[in-house]
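Hi,

Here is the structure I promised to pass on. Have a look at it first, and then read my notes below.

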Amino acid sequence: LLTLAAGGVVLAAEYEEFVARFVKDLYGLDGNSVSTGHFGLTEVQVDVQREFTRVGSGRSIFFDVTLEARFPGGRMLFVFECKHYTKKVGVGVVGEFVGKLGDLRDYGHAHKGFIVTRNGFQAGAKESAAAAGIALWLVRELEEGQVFHAVIQESWDETSEEPDTTTQGQITSASGKSYDFWSASGFLRTLSQIVREPAEGKREV
């Protein structure tokens with residue numbers, strides 16, 4: 001459980017803001033109103049309803065929550081689809097989200113997609129997400145600002161992450177320790193490691 005300064009969530013738009021605050025807290029970004037954190041030469045930004053350009057038509061496309069990391073020589077984009085449903089998320093939501101990810105033009109692709117909801121996922125949705133490499137999270141508000149978070153399905157395919165300078169880099173913690181990462185999944189693990197387990201010396205993830 002994590003403690004956030006968040007009231008009860010009612011509307012879908014409020015749930016998006018709620019998830020954005022949770023992501024910031026999870027990865028050690030300071031404050032609910034601050035979107036950017038700096039780790040040495042690495043900049044991490046969290047946005048709500050960020051606009052991109054759709055492939056083909058050139059029209060705008062919006063994603064509920066995004067986390068973008070910029071570092072020397074590359075950048076990575078993580079996209080979160082937020083569903084404030086009272087029922088379990090079905091396979092149609094997964095298919096629609098996969099289609100949206102394919103329409104990203106400004107980046108070519110997102111390095112990882114997540115579907116976040118309050119009340120779980122149907123079996124078909126889990127199967128479809130696993131096939132597409134989509135992670136599934138449960139994030140919901142509890143009493144007194146507490147947050148429940150469960151990873152239902154991570155869906156990282158390490159073997160598919162080919163060596164690529166755009167997903168390799170280094171993060172420096174506040175204490176000056178350096179952490180190398182070699183993949184998109186490694187980047188998120190590195191952020192978590194810095195937040196939860198500041199270690200001695202230089203680590204590779």
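First, the ground rules. This is a predicted model, so to speak of a local feature I needed pLDDT of at least 70, and side-chain atom pairs count only at pLDDT 80 or more, while totals for chains, interfaces and linings use all residues. Residues are numbered from 1 along each chain as its sequence is written, and side-chain values use heavy atoms, with hydrogens and water left out.

**Overall**

The protein chain has 4 helices and 11 strands. Both kinds of element are DSSP runs numbered from the N terminus: helices are H or I with at least four residues, strands are E with at least two. Of its 205 residues, 47% count as buried. Buried means under 20% relative accessible area, exposed means over 50%, and partly exposed is in between (1.4 Å probe, protein chains only). The chain exposes about 9,900 Å², and carbon and sulfur atoms supply 49% of that; the areas come from the Shrake-Rupley method with a 1.4 Å probe, and for residues only the protein chains shown count as cover. A contact means heavy atoms within 4.5 Å. Among contacts in the protein chain with a separation of 6 or more, 50% are between residues 24 or more positions apart.

**The cores**

In soluble globular proteins, nonpolar side chains tend to be buried together. I used "nonpolar core" for a set of buried Ala, Val, Leu, Ile, Met, Phe, Trp, Tyr and Cys residues joined through side-chain atoms within 4.5 Å. The largest one has 33 residues, and Leu67, Phe78, Phe80, Trp137 and Phe187 touch the most other members. Elements giving two or more residues to this core include α1 (12-26), β4 (60-71), β5 (74-83), β7 (135-141) and α4 (184-196). The largest share, 7 residues, comes from α1.

Leaving aside its neighbours within four places in sequence, Phe187 is in contact with Thr42, Val44, Leu67, Ala69, Met76, Phe78, Ile171 and Phe181. There is also a second, separate core of 18 residues, which includes Phe52, Val89, Val93 and Phe121.

Have a look at Thr66 too, in strand β4. Thr66 is buried, with a relative accessible area of 0%. Apart from neighbours within four places in sequence, Thr66 is in contact with Gln45, Val46, Asp47, Arg50, Phe52, Leu77, Phe78 and Val79.

**Rings**

Rings of Phe, Tyr and Trp (its six-membered ring) pair if their centres lie within 6.5 Å; planes under 30 degrees apart count as stacked, over 60 as edge-to-face and the rest as tilted. The count comes to 6 aromatic pairs. In one of them, Phe22 and Trp137 have ring centres 6.2 Å apart and planes at 90°, so the pair is edge-to-face. Phe22 lies in helix α1 and Trp137 in strand β7, so this pair ties together parts 115 residues apart in sequence. Both Phe22 and Trp137 are buried.

Phe80 and Phe114 have ring centres 4.5 Å apart and planes at 15°, so that pair is stacked. Phe80 is in strand β5 and Phe114 in strand β6, 34 residues apart, and both are buried. Ring pairs link Phe22, Phe80, Phe114 and Trp137 into a cluster.

**Charges**

A salt bridge here is a side-chain nitrogen of Lys or Arg within 4 Å of a carboxyl oxygen of Asp or Glu. There are 5 salt bridges by this rule. One joins Arg54 and Asp103 (2.5 Å, N to O). Arg54 sits in the loop between β3 and β4, and Asp103 in the loop between α2 (91-102) and β6, 49 residues apart. Arg54 counts as partly exposed at 27% relative accessibility, and Asp103 does at 21%.

Glu81 has a salt bridge with Lys83 (3.3 Å, N to O) and another with Lys100 (3.5 Å, N to O). Glu81 lies in strand β5 and Lys100 in helix α2, so the latter pair ties together parts 19 residues apart in sequence. Salt bridges that share partners join Glu81, Lys83 and Lys100 into one network. Glu81 and Lys83 are buried, and Lys100 is buried as well.

Lys100 also lies over the face of Phe63, 4.7 Å from the ring centre. For that, NZ of Lys or CZ of Arg must be within 6 Å of the ring centre and within 35 degrees of the ring normal.

Over to you!
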